[in-house]
Amino acid sequence: MAAVSLRLGDLVWGKLGRYPPWPGKIVNPPKDLKKPRGKKCFFVKFFGTEDHAWIKVEQLKPYHAHKEEMIKINKGKRFQQAVDAVEEFLKKAKGKDQASSHNSSEEKNRRNSSEERGKQSAGDEKRKAAFSEGKLKKSTGEGKKRASSVSSERGSKSPLKRALDQSPRKRGRPPKDEKDLTIPESSTVKRVMTGTVAGFKWPPGVSEPTVCYQAITKKLKVCEEETGSTSIQAADSTAVNGSITPTDKKIGFLGLGLMGSGIVSNLLKMGHTVTVWNRTAEKEGARLGRTPAEVVSTCDITFACVSDPKAAKDLVLGPSGVLQGIRPGKCYVDMSTVDADTVTELAQVIVSRGGRFLEAPVSGNQQLSNDGMLVILAAGDRGLYEDCSSCFQAMGKTSFFLGEVGNAAKMMLIVNMVQGSFMATIAEGLTLAQVTGQSQQTLLDILNQGQLASIFLDQKCQNILQGNFKPDFYLKYIQKDLRLAIALGDSVNHPTPMAAAANEVYKRAKALDQSDNDMSAVYRAYIH
């Protein structure tokens, strides 16, 4: 395919890494975002998302010329919403152009009419003067030449072309009001750009971007380097979301469960270089780094997200564990939900080796992890918290710094205690409605119209009504958090009777083999 000239304001199909082509517009990058060195590229704002990225010119195609081709090979709902956003943008732009063209044409006509009247008046005066001097014939001849010249000049452009030339916004220039580029729904590139696009062909001699990763829960890919560690890099390391500029520090990540996989995916998408390790190779189907110690020793900042206090301690203190890779200046961030005593112990041993420590448990579930919408609760080394800024922005919607080590663990347990107790109450209400002959769906409709309405309430009730308990937050983990929260209350002699009652219901659900289902499966403890 012949090279296509692109410029600021053009609509394009942009291909980011292994994601399918997506509609976007070439726009000016933020002032503080430098253009990457190397091949020519444009800064593209994608429709239907909040995503921006520097895209190499060979990975771009003109929107209109390839619209039909792209629509045939992409059928997803999010894709269609993005295309609809483009069409809405074009519709608004066309309306503005027509209004501008109409106004310019009217102004041109008024100006021409005024000029003609002036010329006619001037011509009359000249003819009178020429006649008195005996030069009327010569003056008339010159007047015809001038009239012919003016007529020819006006005829060289169509009325529409003349109007466009005088329009405030020339073709190819982005609209002054960036609100024209409507974004129907905020999301991540990964969530909307799913599926393969075998029919998309790039120009001869231009290869698709090579990506150095292999399937991890069908979202990540990894490849082993000579060291045996699993180094993952984003397909396009210049990708940014809004104002996020990825840190140049090497990032490690230990633990690729429900939460870890989504977190790593978003770190990659935002341009971070990540090295990963996971305890159970069978679970993820990926080639992994040899040891946690190796990951820590080769990275500047290593994150970890595992299931419980025992797993967190084993990861740090066990054979070839994190502690063996800690050297002065190495940073360790534990994102596991554990008790304050555990995290304090881990902080002490890390710091004793000259390392830096931050606890950063996250509030959310698998979907929020995938969407980069987690809430991060951090405590410990404030400087390390600042160093993790771009990482936290990539994985979450907000973060809180809570002071000394242990505070984040306590706050996280309290948050999950409230959530777990609420979930048990929801299940209790639905079962009571059922046994008293009331409609469970009607109960949900009523709750959704009242003060308790929330995404959490609706999603968990829908799980129960549909009998779908695919884990978004494991039941066994919410029960663990309730148990730890109750112990926290005991340590300060504070009663937690509601949490204790909820905990007993979850224990019964576990006895009914619901541990690996979603927390909403606590419902089954009431019907058996």
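Good morning. I begin with the largest nonpolar core, which has 31 residues. The residues with the most contacts inside this core are Phe253, Leu267, Phe303, Val333, Met335, Phe392 and Met395. Please bear in mind throughout that this is a predicted model.

Which elements build this core? At least two residues each are supplied by strands S8 (251-254), S9 (273-277), S10 (301-304), S11 (331-334) and S14 (374-380), and by helices H6 (258-269), H13 (382-387) and H14 (389-395). H6 gives the largest share, namely five residues. As general background, nonpolar side chains in soluble globular proteins tend to be buried together.

With its neighbours within four places in sequence set aside, Phe303 is in contact with Ile251, Gly252, Phe253 and Leu254, with Val333 and Met335, and with Cys388, Cys391, Phe392 and Met395. There is also a second, separate core; this one has 30 residues, among them Leu413, Leu484, Ala499 and Val505.

The chain has 528 residues, and 47% of them are buried. Its secondary structure consists of 20 helices and 15 strands.

I turn now to a sheet. Five strands form an open sheet in the order S4-S3-S2-S1-S5, and the pairing is antiparallel. Which strands lie at the edges? They are S4 (52-56) and S5 (60-62), each of which pairs on one side only. From one strand to the next, the twist averages 45°. Within this sheet, S1 (residues 11-14) and S2 (residues 22-26) are joined in the antiparallel sense over four bridges. Val12 stands opposite Gly24 in S2.

The next element is helix H11, residues 340-352.

The buried residues of H11 are Ala340, Thr342, Val343, Leu346, Ala347, Val349 and Ile350. What covers them? The cover includes helix H9 (309-317), helix H10 (322-325), S11, strand S12 (356-359) and helix H15 (407-435).

Val349, which is located in H11, shows part of this arrangement. Apart from its neighbours within four places in sequence, Val349 is in contact with Val316, Leu317 and Leu323. Val349 and Leu323 are separated by 26 residues in sequence, while their C-alpha atoms are 7.5 Å apart in space.

Finally, I draw attention to two backbone angles. Ser320 is not a glycine, yet its phi is positive, at about 55°. Ser320 belongs to the loop between H9 and H10. Is Ser320 exposed, or partly exposed? Its relative accessibility is 29%, so Ser320 counts as partly exposed.

Asp513, likewise a residue other than glycine, has a positive phi near 65°. Asp513 sits in the loop between helix H19 (497-511) and helix H20 (524-527). With a relative accessible area of 67%, Asp513 is exposed, because the exposed class begins over 50%.

Thank you for your attention.

Terms used
Residues numbered from 1 in each chain as written. Predicted model: local features only at pLDDT ≥ 70, side-chain atom pairs only at ≥ 80, totals over all residues. Heavy atoms only, no water. Core = buried A, V, L, I, M, F, W, Y, C linked by side-chain atoms within 4.5 Å. Buried < 20%, exposed > 50% of the residue type's maximum accessible area, 1.4 Å probe, protein only. Contact = heavy atoms within 4.5 Å. Pairing = 2+ DSSP bridges. Axes fitted to C-alpha atoms, helices over the stretch in contact; angles between N-to-C directions. Expected span 1.5 Å × (residues − 1).
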